[in-house]
Every structure is written in C-alpha cells, then in structure tokens.
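Visitor: Can you walk me through this one? I'd like to start with the rings, then the core, then the sheet.

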Amino acid sequence: MLLPCLLTGCTATFTNLSARHQVRNPNNLYPVEVSLNSRQQSLRWESIQPFVMVGTESYPMRPTPLMTNRWEGLIPVGPQTNLVFYHYKFDFKYSAFGGPQNDSAASPEYKLQILEK
C-alpha cells in the first residue's frame, strides 16, 4: 500500500506550489498547484486522477502544460470567507500481481488566506 509509505515519507512527496495568500477576486475562484514525486516504480503515472479537496467537496485538477508531475485547479472561496483549508487527493493505479490495483494518496492540509484589496 502506498498510503503507509507516504506517512513515513518513503515513497512520495507532495509540494504545494500555491500562494498562501491571494487577493480577493470577483469570480471567487483561486488557483492552486501541486507537484507529486514518487519512487514507487509500480505507479502508473497515466492513471493519476488528482483532486483538490475543500471540506468534503472535491474539485478536479488538470495537468500543468509542459510538466509531467504537476497539476493545477481552482477552488471556490465564498465572498464572506477569508480562510480556507484544503488538501490534494490522488487516485491512481499501480501494477501488482494479478493486474492493476487501485489506490489513493492524500497530501497534508494547507491553508489559503484571502486578502481584501
């Protein structure tokens, strides 16, 4: 299983590339970006489905152009909210005896503070 290795840091690392503070914008959508590095040789990179999680809501992410291990997405933050907590979740397949198996991994929690103009 990948998740126990993530907790000990032996297989994968997440790097949050997003700003910790962003100025409030009129559309209430804020960009986030993450990179994933893994030493798990059985991981099927083409199967990765990343999401950014805000509470129980999940928002799909898309690959960052010209990068193989980075994804970007948008999270909504209501006009009355100044602080939001989020984390990244990756669903993927890995090669195993008997065929591909499903797994997932989650990043630590991050926070985004919205600043007024």
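**Rings, core and sheet**

Guide: The structure holds five aromatic pairs. Rings of Phe, Tyr and Trp (its six-membered ring) pair if their centres lie within 6.5 Å; planes under 30 degrees apart count as stacked, over 60 as edge-to-face and the rest as tilted. One of the pairs is Phe14 with Phe90, and this pair is tilted, at 5.5 Å centre to centre and 35 degrees between the planes.

Visitor: Where do Phe14 and Phe90 sit in the chain?

Guide: Phe14 is in strand β1 (residues 12-16) and Phe90 in strand β8 (residues 83-94), 76 residues apart, so the pair links distant parts of the chain. Strands here are DSSP runs (E, at least two residues), numbered from the N terminus.

Visitor: Hold on, what kind of model is this?

Guide: This is a predicted model: local features need pLDDT of at least 70, side-chain atom pairs count only at pLDDT 80 or more, and totals for chains, interfaces and linings use all residues. Residues are numbered from 1 along each chain as its sequence is written, and side-chain values use heavy atoms, with hydrogens and water left out.

Visitor: Why is the pair of Tyr86 and Tyr110 called tilted?

Guide: Because the planes of Tyr86 and Tyr110 are at 40 degrees, with the ring centres 5.9 Å apart. Tyr86 lies in β8 and Tyr110 in β10 (residues 110-115), so this pair ties together parts 24 residues apart in sequence. Tyr86 and Tyr110 are both buried.

Visitor: Which rings make up a cluster?

Guide: Phe14, Trp71 and Phe90, linked by ring pairs.

Visitor: OK, the core. How many residues are in the largest nonpolar one?

Guide: It has 24 residues. A nonpolar core is a set of buried Ala, Val, Leu, Ile, Met, Phe, Trp, Tyr and Cys residues joined through side-chain atoms within 4.5 Å. Ile75, Tyr86, Tyr88 and Phe90 have the most contacts inside this core.

Visitor: Which elements give two or more residues to this core?

Guide: β1, β3 (29-38), β4 (43-54), β7 (70-76), β8 and β10. The largest share, six residues, comes from β8.

Visitor: What does Phe90 touch?

Guide: Leaving out residues up to four places away in sequence, its contacts (heavy atoms within 4.5 Å) include Phe14, Val34, Leu36, Ile48 and Trp71.

Visitor: Now the sheet. What is the strand order in the open sheet of four strands?

Guide: The order is β1-β3-β7-β6, with antiparallel pairing. Two strands pair if DSSP finds at least two bridges between them. The edge strands are β1 and β6, each pairing on one side only.

Visitor: How many bridges join β1 to β3?

Guide: Five. Seven bridges pair β3 with β7, and two join β6 to β7.

Visitor: Which residue stands opposite Val34 in β7?

Guide: Trp71. Pro63 also stands opposite Trp71. In β3, Val34 is the bridge partner of Asn16.

Visitor: Last topic, backbone. What is the phi of Leu66?

Guide: Leu66 has a positive phi of about 70 degrees, although it is not a glycine. Most residues other than glycine have a negative phi. Leu66 is in the loop between β6 (62-63) and β7, and at 88% relative accessibility Leu66 is exposed.

Visitor: And Asn28?

Guide: Asn28 has a positive phi too, about 60 degrees. Asn28 is in the loop between β2 (21-23) and β3.

Notes:
Buried < 20%, exposed > 50% of the residue type's maximum accessible area, 1.4 Å probe, protein only.
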